[in-house]
Structure formats: structure tokens, C-alpha cells
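Me: I would like to learn how to read the packing and the charge pairs of a protein model. Could we go through one case feature by feature?

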Amino acid sequence: MPKNLKLAVVLTVFCVISAGALAYVYNLTKPIIEKNSAASFNRSLREVIPADSFAPADQGCYVGRKGKEVVGYAFPVAPQGYGGPIEMLVSIDKEGKVMAVKILSNKETPGLGTNIVNPKFLKQFSGKSSADKIIAKDDIDAITGATISSNAVCKGVRQAIGLLGKVKQ
């Protein structure tokens, strides 16, 4: 057997065994990853709305209730940031005011855009409503060196407020 053919056969066998092992591990861990992801999302919902239970509703929102009373709505939105979509959760109370904003994931520039997770930045959105502009460098203090990321978070909050109007109709 020529040396090159023997090498090709060895590499093929190695690739097939590796691919099979990866597929096995993926199938083994997939349910665990999905379960942990769902638990993490539920913890995030409880962080943005102090509710006892959540139920999915129109426009991809979750309605938070204490007993039978609605205490707020949570909207998962993903505006485009500098490094990609910024997955965030925006909670809004019954009066249409932002309760909290939580960044679930982002791929912004480390040290600049990633500062959008800073509580000082996110607290600026509390109490904002459709009557506010919610524009970085206007009524929201933008993060220095991360204007695109700041604008993206503002856009996500405005998007969530806009979706609330569609849920209540």
C-alpha cells in the first residue's frame, strides 16, 4: 500500500471516530444545556419583574403575575450592537414605564461596549416610558467610546415599549 493511501485511511478513520464521539457528547449534553438555558432565562425574568409566575403572551412577551394581578411585562429583544445582536430583557409595568433592563448576552468590545451591563448605565432606563426620547447622549448618558452599543440598548428599550402597545390591544 502506498504511503499516501495508508495515511489517508488512518486520517479518515480518525475523523470518523472523532465525529462520532462529538455527536455522542452533543446528544448526551443537549437536554442538559436546554434545561440550564431555560432555568437561566427564568431567573432573568424574576430579576426584572418581581412576580410569582410568568406566562408567554403576544409579541414574544412574558406576563408576570403576583397571584392573579399582572405586575409587568418582559420583552426579550435583540437590537444590533457593534459586535452583533445584544440580547436583552426589558420589563415594563402596567403603566408603561420601564422597570428594569437586563443584558442577557452581547459580543461588544471588551472594556468599552461590554460596559452596557454596568448597573449604573442600565438604571437610567428605569421609569422611562413612551413619552421619553430614550436616546443616548440626550436623555441617556452614553458609555464613553461605546456610542453604538449605547444606542443599541436605547433602541432595544424603545422597541420593547413599542411592543407593549401591541400586546395591550
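Predicted model: local features only at pLDDT ≥ 70, side-chain atom pairs only at ≥ 80, totals over all residues.

Me: How many residues does the largest nonpolar core have, and which have the most contacts inside it?

Reply: A core is read as a set of buried nonpolar residues joined through their side chains. Here the largest one has 31 residues, and F75, M88, V90, F125 and V157 have the most contacts inside it. Two or more residues each come from β3 (69-77), β4 (87-92), β5 (98-105), α2 (119-122) and α3 (147-168). Helix α3 gives the largest share, nine residues.

Me: Which residues is F75 in contact with, leaving aside its neighbours within four places in sequence?

Reply: The list for F75 includes M88, L89, V90 and I92. Also in contact with F75 are Q59 and C61, together with A160, L163, L164 and V167. There is also a second, separate core of eight residues, with I49, A51, V71 and L89 among them.

Me: Which residues make the nonpolar surface patch?

Reply: M1, L5, V9, V13 and I17 make a patch of about 510 Å². Take V9 as the example: this residue is found in helix α1 (residues 3-48). The relative accessible area of V9 is 42%, so V9 is partly exposed.

Me: Now the charges. How many salt bridges does the structure hold?

Reply: The general idea is that side chains of opposite charge can pair when their charged atoms come close. This structure holds four salt bridges. In one of them K102 pairs with E47, with 2.9 Å between the closest N and O atoms. K102 lies in strand β5 and E47 in helix α1, so this pair ties together parts that are 55 residues apart in sequence.

Me: Is K102 buried, partly exposed or exposed, and what about E47?

Reply: K102 has 22% relative accessibility and therefore counts as partly exposed, whereas E47 counts as exposed at 53%.

Me: Where in the chain are E69 and K94?

Reply: These two side chains meet in a salt bridge at 3.1 Å, N to O. E69 is in strand β3 and K94 in the loop between β4 and β5, 25 residues apart. E69 is partly exposed at 46%, and K94 is partly exposed at 35%.

Me: What is the N to O distance for D139 and K128?

Reply: It is 3.8 Å for the salt bridge between D139 and K128. Both D139 and K128 are in the loop between α2 and α3, 11 residues apart. D139 counts as partly exposed at 24% relative accessibility, while K128 is buried at 15%. The cut-off for buried is under 20%.

Terms used:
Residues numbered from 1 in each chain as written. Heavy atoms only, no water. Core = buried A, V, L, I, M, F, W, Y, C linked by side-chain atoms within 4.5 Å. Buried < 20%, exposed > 50% of the residue type's maximum accessible area, 1.4 Å probe, protein only. Helix = DSSP H or I, 4+ residues; strand = E, 2+ residues; numbered from the N terminus. Contact = heavy atoms within 4.5 Å. Patch = residues over 30% accessible without salt bridge, like charges linked within 9 Å, V, L, I, M, F, W, Y side chains within 5 Å. Areas by Shrake-Rupley, 256 points an atom, 1.4 Å probe, with all protein chains shown as cover.
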